[in-house]
Amino acid sequence: MMSTSSLVSGARMLLECLVREGAECIFGYPGGVTLPLYDAMYDHPMRHVLVRHEENACFAAQGYAIATGRVGVCCATSGPGATNLVTGLVNGLMDSTPIVAITGQVASKLIGSDAFQEADTFGITRSCTKHNYLVKNLADLPQIIHEAFYIAGSGRPGPVLVDIAKDVFSGQSRYAPVSAIHLPGYKVPSDGHTGQIRRAAQMIWEARRPIVYAGGGIISAGASAELRRLVEFVDIPAVCTLMGLGGLPSEHPNFISMPGMHGSYAANMGLTQTDLIIALGVRFDDRVTGRLSAFAPHAKVIHVDIDPSEIGKNRIPELPIVGDVRRVLEKLNQILAETAPAISTQNAAARRSWWHQIREWQEQYPLKPVISEAEIKPQHVVSEIDRLSGGKAIVTSDVGQHQMWSAQFIRFNEPRLWINSGGLGSMGFGLPAAIGAQFARPDKLVFAVVGDGGFQMSIPELATLVNYGLPVKVVILNNGYLGMVRQWQELFYNNRTCAVELEGFPDVQKLAAAYGFTGRTVEKPHELAPALQEAVDDPGPYLLNVRVSPCENVFPMVPAGSGISEMVVGPPQPVLVPK
Amino acid sequence: MLQVISLLVENKPGALMRITGVLTARGYNIESLTVARTLDPALSHMTIVVDVDPSLRSLVIKQMIKLINVLQASDLTESRAVAREMVLVRVKAPVDRRTAILKEAEIFGARVIDSSVEGFALEATGDPEKLDEFIDVMRSYGELDATRSGLVAISLEGKKPRLSPPVPTGSGVEKLEQKTGVPNG
Ligand SMILES: Cc1ncc(C[n+]2csc(CCOP(=O)(O)OP(=O)(O)O)c2C)c(N)n1
Ligand SMILES: [Mg+2]
């Protein structure tokens, strides 16, 4: 600890504030104006992880944040460094991931003069962040850093960017630790309205075909245990969104998989026919609801969310509850327990036939991986990963078909195991997110499931794996295509595939060897399990390139603009000839 | 339909940009916007007039309240409020029309703030429709230049903003640990 009477640099103060906020590491990339910061890191215990691109610093910080629930930290220099963060910031904003991004800015006197590597980071990132700051005075720095952490991690989490002028880093001042922050206009809802929660309990008892629709809010609020109590006590079926997977253990009998565009038949039919949706930490995203006017036409909606602006945004609920979903569920569960004996049997018969109906849907169109003896099906790969994980490994994913198959077939029996880019769908997320997650949880087996397209967007991060000895298992579902785009061209553009063939994919064995670790390509179904086992047994990073059948498509599928009950449950005709 | 939004905001850099950002992100065109310090110099009062789809009005307000720098946001479109706008007009006034113009100005309660051989500068305050009329009338006297202030409005319902109290630093860390059970390393 530094003494409070001596002069310290702004850079040093920043590091002290990060320590006080519990930050363990910074994912970053240095540059001209952040030189004073890196100079301060030279003899400071704060860990810095040098990634190979700033976007990946931002994604890694998010992988870290999702795996732990703590605020992830990333850092970039001014100008190009800061602009490279933009995709990552929007990604974090869409998925409500708590990160603090530190960027360097040109010296305060030069701001606005088109100085070398100057960009209006504050302006550019205004709409990419939950909040952002420009620090021009050293005296403001500690306060702002603590505010940034508080804003990022509380309420509905999100990215906060702090743009710091170079002279603030290098300036010297006495450091007086800040003990309190005051943001009078920042409201963090906590307990929901008790009267509303009582009404929710009543509606739940009265419902004949209730369903829980749980999302990322369950994960960020740490509400899994309460969610589980709710679905068990009232015996309600529950669907978890792409962002909510693991909120209820995948193996839980009440879990009816994921709803939406590539959701299961049972989940989508359940949402269509329910008479009561208990929506918990969700935002009625279009990828879940399909055509809004056809979504859950018979249902009343109870919507619990910490962000008041989500309530009524897409679907007007009969019962809104603004609050922290964990606190609300605690209270709701308590009220349900108190009120149970009087009325719980009221709808027993209706509830039984509702469950019967749901089980029937599940049997009718189960989510079952396609497996072939002739070629490796992508679904086969993810189900092998699932087998090795047993619901316990961390799995990050990139964006595309492989992401949807991963979400469909890999079990997550705890929260914070499934890490993907949901709202923004940013390709290139999978590998850097795995880096962040592996730093966060060195004890965990971490798979990065990526497509051959997205993998090539983050390929430089292979060096980071080696650099830090991170034993991430990168599994490429290599279909030779920008598969998800090909699927849409095939189904909705008359099979006029254009700009989706990925020629020139590197030899993975040589690629990994060039970086100094093991890589392997498999193409025969019988090679798959042993290769994956070899990857898991390898103490270091592993790059497994799986040549999967090129023409497989993700089903079920709700065509964009259709109601979610209008699912295409399987492939129409084979339309593409395998290469 | 035009919506009148009244905001109490922290007087901080970027606050205006965040607020207009809520509107521009949806492609809304701002009709008028006024902003000035309140009695407390750390705060500003803002009145925005904007064409918002009626079904989205309350959402827009909620999205503004969500901004860290916004202490209070209210929709005054249909609530009890008074609204005024000011206009400054420069009108050419040759000798033969001067008396007529002054008479007309008086009807609208406008004041002369500058007078010269070429003409007058007039100041009028009122609701926007009244100012429209005033400008029309003045235009009938010849070439005219007008600058409007944009609407300023005040609610008659005196609702106190609900402010959050200070929180100790690092309080997020503890809360997150509680939530996740992952100890902080
Ligand atoms: C940065 C970015 N650019 C473009 C897209 C559009 N896009 C969505 S999925 C996809 C194809 C991904 O291909 P690949 O990584 O090979 O995965 P696959 O779908 O084949 O499993 C594309 C191009 C995107 N989501 N993100
Ligand atoms: Mg592909």
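**View 1. Helix α2 of chain A and its cover.** The buried residues of α2(A) are covered by elements of chain A that include α1 (10–20), β2 (25–28), β3 (47–50), β4 (72–76) and α8 (166–170). Contact here means heavy atoms within 4.5 Å. Helix α2 spans residues 35–42, and its buried residues are A:P36, A:L37, A:Y38, A:A40 and A:M41. Buried means under 20% relative accessible area, exposed over 50%, and partly exposed in between (1.4 Å probe, protein chains only). Helices (H or I, at least four residues) and strands (E, at least two) are DSSP runs, numbered from the N terminus.

This is a predicted model: local features need pLDDT of at least 70, side-chain atom pairs count only at pLDDT 80 or more, and totals for chains, interfaces and linings use all residues. Residues are numbered from 1 along each chain as its sequence is written, chains are lettered from A and ligands numbered from 1 in the order in which they are written, and side-chain values use heavy atoms, with hydrogens and water left out.

**View 2. Helix α12 of chain A, mostly covered.** Helix α12 runs over residues 265–273, and eight of its nine residues are buried. They are A:Y265, A:A266, A:A267, A:N268, A:M269, A:G270, A:L271 and A:T272. The cover over these buried residues includes strands β10 (210–214), β11 (238–240) and β12 (276–280) of chain A, plus helix α15 (348–364).

**View 3. B:S164 and its chain A partners.** B:S164 sits in the loop between β9 (152–155) and β10 (167–168) of chain B. B:S164 is buried, with a relative accessible area of 14%. Leaving aside residues up to four places away in sequence, B:S164 touches A:H182, A:L183, A:P184, A:Y186 and A:K187. A polar atom of the B:S164 side chain lies 2.8 Å from the backbone oxygen of A:Y186.

**View 4. Chain A as the setting for the close-ups.** Chain A holds 23 helices and 20 strands. Its C-alpha trace spans about 75 × 60 × 40 Å along the principal axes. The radius of gyration of chain A, 25 Å, agrees with the value near 25 Å for a compact globule of 579 residues. That radius is taken over C-alpha atoms, and the globule rule is 2.2 Å times the number of residues to the power 0.38. Buried residues make up 62% of the 579 residues in chain A. Of the chain A contacts between residues at least 6 apart in sequence, 76% join residues at least 24 apart.

Terms used. A polar contact is a pair of N or O atoms within 3.5 Å; within protein, one must be able to donate a hydrogen and the other to accept it, and residues adjacent in sequence count only if both atoms are side-chain atoms.
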